[in-house]
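Try each task before reading its solution.

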Amino acid sequence: MTSELKTHLSKQLAEAQSKYTYFLLAVAASAIALVVQRTTGRTLDWNMIPLGLAVTCWAGSFFAGCRNRCYFSSTLYANAALLQVHDGTHPDVSSNPDIVASAAQGVREAAEHNSSMANFWGHLQFRLLVIGAVCFMVWHVIEMMGVVPNAK
């Protein structure tokens, strides 16, 4: 595989991951807005507990998506620094081969940690979004049961 093809595929993957994360962020924010709109003017009741859990999960999903983006950016920054270390252009690393190897190892470990954390937050973002949707559906069923005669 050529270097240009690898670079192109890496860019495509990063772009797809970013779009997916931003899509999930938008879904979580929209879901919270929907709940606010549907409950405006209503009094608090015990049957709203699943709804509160849904909003909490969606807020957690939004937070997780933001953390994912932070770690993703940190990974990109570490990868750029690693390229500078290998090229000998990093301002804080001398040209001594032992120092270059040590710096490269440290930056590589940081990039791997950041990538692992971005992955963790990305998975959490999706899971919380789905759990929130399930809680919302439970609330919705409870609401529908309140409308049906003799369902209580």
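**Exercise 1. Find how many salt bridges the whole structure holds, and place each one.**

Solution. This is a predicted model, and a search of the whole of it finds two salt bridges.

Step 1: Start with Lys19 and Glu15, whose side chains meet with N and O 3.2 Å apart. The two residues are four apart in helix H1, which means that about one helical turn separates them. Lys19 is exposed, at 55% relative accessible area, and Glu15 is partly exposed, at 41%.

Step 2: Turn to Arg42, which pairs with Glu143; their closest N and O atoms are 3.1 Å apart. Arg42 sits in the loop between H1 and H2 while Glu143 belongs to helix H3, so this bridge ties together parts 101 residues apart in sequence. Arg42 is partly exposed, with a relative accessible area of 37%.

**Exercise 2. Check whether the length of helix H1 agrees with its residue count.**

Solution. Step 1: H1 covers residues 3-39, which is 37 residues.

**Exercise 3. Work out which residues of H1 are buried, and what covers them.**

Solution. Step 2: The buried residues include Leu24, Leu25, Ala28 and Val35. Step 3: Their cover includes helices H2 (49-87) and H3 (97-147). By contrast, Tyr20, also in H1, is partly exposed at 43%.

Conventions. Residues numbered from 1 in each chain as written. Predicted model: local features only at pLDDT ≥ 70, side-chain atom pairs only at ≥ 80, totals over all residues. Heavy atoms only, no water. Expected span 1.5 Å × (residues − 1). Buried < 20%, exposed > 50% of the residue type's maximum accessible area, 1.4 Å probe, protein only. Contact = heavy atoms within 4.5 Å. Salt bridge = Lys/Arg side-chain N within 4 Å of Asp/Glu carboxyl O.
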